Amino acid sequence: MLCRGRLLEHAGRRRLRLHDQHAGRAVLSAGPQHHRRPCACRAVRRLWFPVAGLRAADPALSALGDIVQRKFDENRFLGAERRSGADDLHQPATGRTVPVPGQHQRWHVVRAQRHLPAAAVPRNPALDQDLRRCRVHHGCRGDRMAGGDSGPVAKGCSRMTGAATERDRSAETPIWLQGSFRLLFTGAALWALVVVALWVGALDGAWSLPTVMEPLAWHQHEMLFGYLGAVIAGFLSAAIPNWTGRPVVTGWPVAAFVGLWVAARLAVLFSAYVPPLVGAVLDVGFLLALFSYAARQICAARNRNKPILIVLLLFAAACGLDHAAAMGLTADPAIGMRAGFALILMLIAIIGGRIIPAFTRNWLVRRGLTDGLPIMANRFDHAVLAITAIALAGWVFSPAAHLVAWLLLGAGALHAARLTRWAGLRAVADPLVFVLHVAYAWLPAGLLLLGAATLWPIVPVSSAMHALGAGAMAAMTLAVMTRATRGHTSRPLEADGATVAIYVLVNLGALLRVAAPLLPFDYMLSIRLAGGLWGGAFLLFLFIYGRMALERLVKS
């Protein structure tokens, strides 16, 4: 059965898979935007309720039809919809469905049977005749229904796949080209290791970098626009199909997109031999390509996550501004870096405020703990975000102003108070949830240090920047990448010992790097130790989650 050009297929005896999600029920769409011709609402119903044929073939099908009819009557939807109360960004919601305005889409709640042997559902001429009478074109016809764990429920074609089904296309596509997140998460972790190793060596005088940028400027640019750019792109490539219900991009577009990112990284690194403008065009072009993909998918589905498009466009502009500063075209050489830094911090504040209390609340509720649940977003959170945006905007354009410093201190204190409302200590037993609280705690700590560094020179600015970069950004991205990789590769959302080690190493490395200027022993020794711990987290991520993302899951 087609769902927005994708197949609803079995994923075990008790589960169904829909866009890499597990659910007992699935909301399926049949509309002209995914087929060559419109498919009428009654035609979709008759796939399940033929006048003659399948329902007369077996009493079990008749009982199934009654269930589907009741569910269909309970959920008559016109237009696209989203599900509220989701347990994860990469899992289906279990709560009520909330209608959202859409265009030329009809949704139908269906339920697939899983206990009837395939042999009990023969091809029936009466069904074919009924489908022809309803003018269901060939691409929407169900070839068969399957029971147990026997694979696809039905087959079809869509505009995205031509004559082949999405399942057939996925089977033919290498696993590493089935979604950009697989290569981008792996490449981002590898690039973080390379950047840290090259930067520590250059700082120690072991070698010089083949780039026209200053070593510190290159280090900041690559961790911000190189590493984080890849992580954001990987996250969106995995999340947007869940937000919109549209098919996952696979095949050569994935290879071209990742190749553009790799080319940009190499062009910037070797900008002493390649014209700097080439690296700037490739670097900004990658972010604009990401913006184009996200805008097309989100706007076509009329999804509510349109603000992310503004952030992506501003992030691309900040990247271009940083390249212009490296070529000596701006009066302030660090304004592009600060602008990109501020945008990422706002993303952490906004998205963290949505997912952290929701994940914590759902985890506690599943364990029967209904007292002292996290407080969901309200006016207090909106005020915190507004003050943070004002403080960061002031820091971008006037980092030395004392008023900006006090705003940063106030924003840090408010984020600390916000974190206490999310009951993080009650989720210590689940590292996948608790690490989100730990990663978010770096945000108020970094803002407080950044404000204090402006007012009191005894506080190093580098400590504040690394609390926000090596702490908040790195810990949060690793937490999201590990969770997303497990969710999208059909593995349980449980942290094993290696995952816990990743979280411990990245936070210890960040802590040591923040404290390095204040420690009573050799500064470079502290930098090497911090880089080793922090890089060890990404090395372990490569070994565990890189292989997990690039290998096909084999189930017994």
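**Rings, charges and surface in a predicted model**

Modeller: F235 is buried, and W243 is buried too. The model is a predicted one.

Colleague: How many aromatic pairs are there by the ring rule?

Modeller: The count is 11 aromatic pairs.

Colleague: What makes F235 and W243 a pair, and why is the pair given its particular type?

Modeller: Their ring centres are 6.4 Å apart, and the rule asks for centres within 6.5 Å. Their planes stand at 70°, and the cut-off for edge-to-face is over 60 degrees, so the pair is edge-to-face.

Colleague: What about F257 and F286: why is that pair named as it is?

Modeller: The centres of the two rings lie 4.7 Å apart and the planes make an angle of 25°. Planes under 30 degrees apart count as stacked, so F257 and F286 are a stacked pair.

Colleague: Which parts of the chain does the pair of F257 and F286 tie together?

Modeller: F257 belongs to helix 8 and F286 to helix 9, so the pair ties together parts that are 29 residues apart in sequence. F257 is buried, as is F286.

Colleague: Which residues form one aromatic cluster?

Modeller: The cluster consists of Y227, W534 and F538.

Colleague: How do you know that the charged end of R483 sits over the ring of F359?

Modeller: The charged end of R483 is 4.2 Å from the centre of that ring. The distance limit is within 6 Å, and the charge must also be within 35 degrees of the ring normal. R483 is listed as sitting over the ring of F359.

Colleague: How many salt bridges does the whole structure hold?

Modeller: The search finds seven.

Colleague: Why do D204 and R528 count as a salt bridge?

Modeller: Their closest N and O atoms are 2.8 Å apart, and the limit is within 4 Å. D204 is in the loop between helix 6 and helix 7 and R528 is in helix 17, so the pair ties together parts that are 324 residues apart in sequence.

Colleague: What links R265 and D283?

Modeller: A salt bridge, with N to O at 2.9 Å. R265 is in helix 8 and D283 in helix 9, so this bridge ties together parts that are 18 residues apart in sequence.

Colleague: Why is R265 described as buried, and D283 likewise?

Modeller: The cut-off is under 20%. R265 has 2% relative accessibility, so R265 is buried. D283 has 1%, so D283 is buried.

Colleague: What makes D496 and R486 a salt bridge?

Modeller: The closest N and O atoms are 3.3 Å apart, which lies within 4 Å. D496 is in the loop between helix 15 and helix 16, and R486 is in helix 15, 10 residues apart. D496 has 33% relative accessibility and therefore counts as partly exposed. R486 has 7%, so R486 is buried.

Colleague: Which residues form the nonpolar patch on the surface?

Modeller: V262, L266, F270 and Y273 form the patch, with about 410 Å² of accessible area together. F270 is in the loop between helix 8 and helix 9.

Colleague: Why does F270 count as partly exposed?

Modeller: F270 has 35% relative accessibility. That value falls between the cut-offs of 20% and 50%, so F270 is partly exposed.

Definitions and conventions: Residues numbered from 1 in each chain as written. Predicted model: local features only at pLDDT ≥ 70, side-chain atom pairs only at ≥ 80, totals over all residues. Heavy atoms only, no water. Salt bridge = Lys/Arg side-chain N within 4 Å of Asp/Glu carboxyl O. Helix = DSSP H or I, 4+ residues; strand = E, 2+ residues; numbered from the N terminus. Buried < 20%, exposed > 50% of the residue type's maximum accessible area, 1.4 Å probe, protein only. Phe/Tyr/Trp six-rings, centres within 6.5 Å; stacked < 30°, edge-to-face > 60°. Patch = residues over 30% accessible without salt bridge, like charges linked within 9 Å, V, L, I, M, F, W, Y side chains within 5 Å. Areas by Shrake-Rupley, 256 points an atom, 1.4 Å probe, with all protein chains shown as cover.
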